[in-house]
Amino acid sequence: MVAVQDLRDREVMWVFFPIIAVLLASIHVHHLGMDNFIFFALNNVILVSCVLALLWAITRFVFGKEFLNVSFGLGDMLLMYALAVGFPTVTFIVLFVGSILFSSIAFIVLRMCTKTKTETVPLAGLMCIFLIAILLMAHWSNMPSLYMI
């Protein structure tokens with residue numbers, strides 16, 4: 001639903017983000033236990049906060065623009081925090097960087113293939129598509145567990 005709403009309207013109902021966070025966190029706890037979950041989730045939340053702080057500083061001081069809902073969407077931020085509680089730190093970093101690269105490439109391809117020349121990237125939607133693909137591959141293939149990397 002996040003992908004559909006973000007790709008179609010560039011708006012996502014906020015209720016989906018806590019649902020995603022709770023579901024991913026419960027899978028994380030199931031695989032690694034509460035102690036490891038707390039450690040990894042805290043690391044990941046700090047990492048996302050640092051990335052967002054850096055983006056805010058660059059947007060504000062280099063480009064002179066407002067950050068939230070101008071240069072970067074609230075839904076994108078909420079999805080990053082939802083993903084942060086879902087995986088061990090190394091896996092999260094790989095998935096985070098991979099989803100950003102996928103989103104960038106997919107946006108360029110979508111922009112070239114459609115007549116609409118939008119300037120905004122549906123980051124949360126494209127990141128969700130990437131996450132769905134990775135979770136399906138992990139579930140239905142011989143790929144190592146996302147929680148053992």
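Which helix does Asp76 lie in? Asp76 lies in helix 3. The model described here is predicted.

**Asp76**

Asp76 has a relative accessibility of 10%, so it counts as buried, the cut-off being under 20%. Beyond its neighbours within four places in sequence, Asp76 is in contact with Asp6, Leu123 and Ala124. Phe17 is 59 residues from Asp76 in sequence. In space, the two are 9.8 Å apart, C-alpha to C-alpha.

**The nonpolar core**

In soluble globular proteins, nonpolar side chains tend to be buried together. Here, the largest nonpolar core has 37 residues. Val2, Leu79, Met80 and Phe87 touch the most other members.

Helix 2 gives the largest share, twelve residues. Now take Met80. Leaving aside neighbours within four places in sequence, Met80 is in contact with Val48, Leu52, Phe72, Phe92, Phe96, Ile100, Leu123 and Met127.

**Helix 4 and helix 5**

Two packed helices are described by the angle between their axes and the distance between the axes. The axes of helix 4 and helix 5 come within 9 Å and cross at roughly 120°. Helix 4 is therefore oblique to helix 5. Their crossing is right-handed. On the helix 4 side, the contact includes Leu95, Phe96, Gly98 and Ser99. On the helix 5 side, Leu123, Leu126 and Met127 are among the residues that make it. By class, this contact has 13 nonpolar, three polar and no charged residues.

Notes: Residues numbered from 1 in each chain as written. Predicted model: local features only at pLDDT ≥ 70, side-chain atom pairs only at ≥ 80, totals over all residues. Heavy atoms only, no water. Core = buried A, V, L, I, M, F, W, Y, C linked by side-chain atoms within 4.5 Å. Buried < 20%, exposed > 50% of the residue type's maximum accessible area, 1.4 Å probe, protein only. Helix = DSSP H or I, 4+ residues; strand = E, 2+ residues; numbered from the N terminus. Contact = heavy atoms within 4.5 Å. Axes fitted to C-alpha atoms, helices over the stretch in contact; angles between N-to-C directions. Parallel < 35°, antiparallel > 145°, perpendicular 65-115°, else oblique. Left-handed = near helix turned anticlockwise from the far one by under 90°. Nonpolar A, V, L, I, M, F, W, Y, C, P; charged D, E, K, R; others polar.
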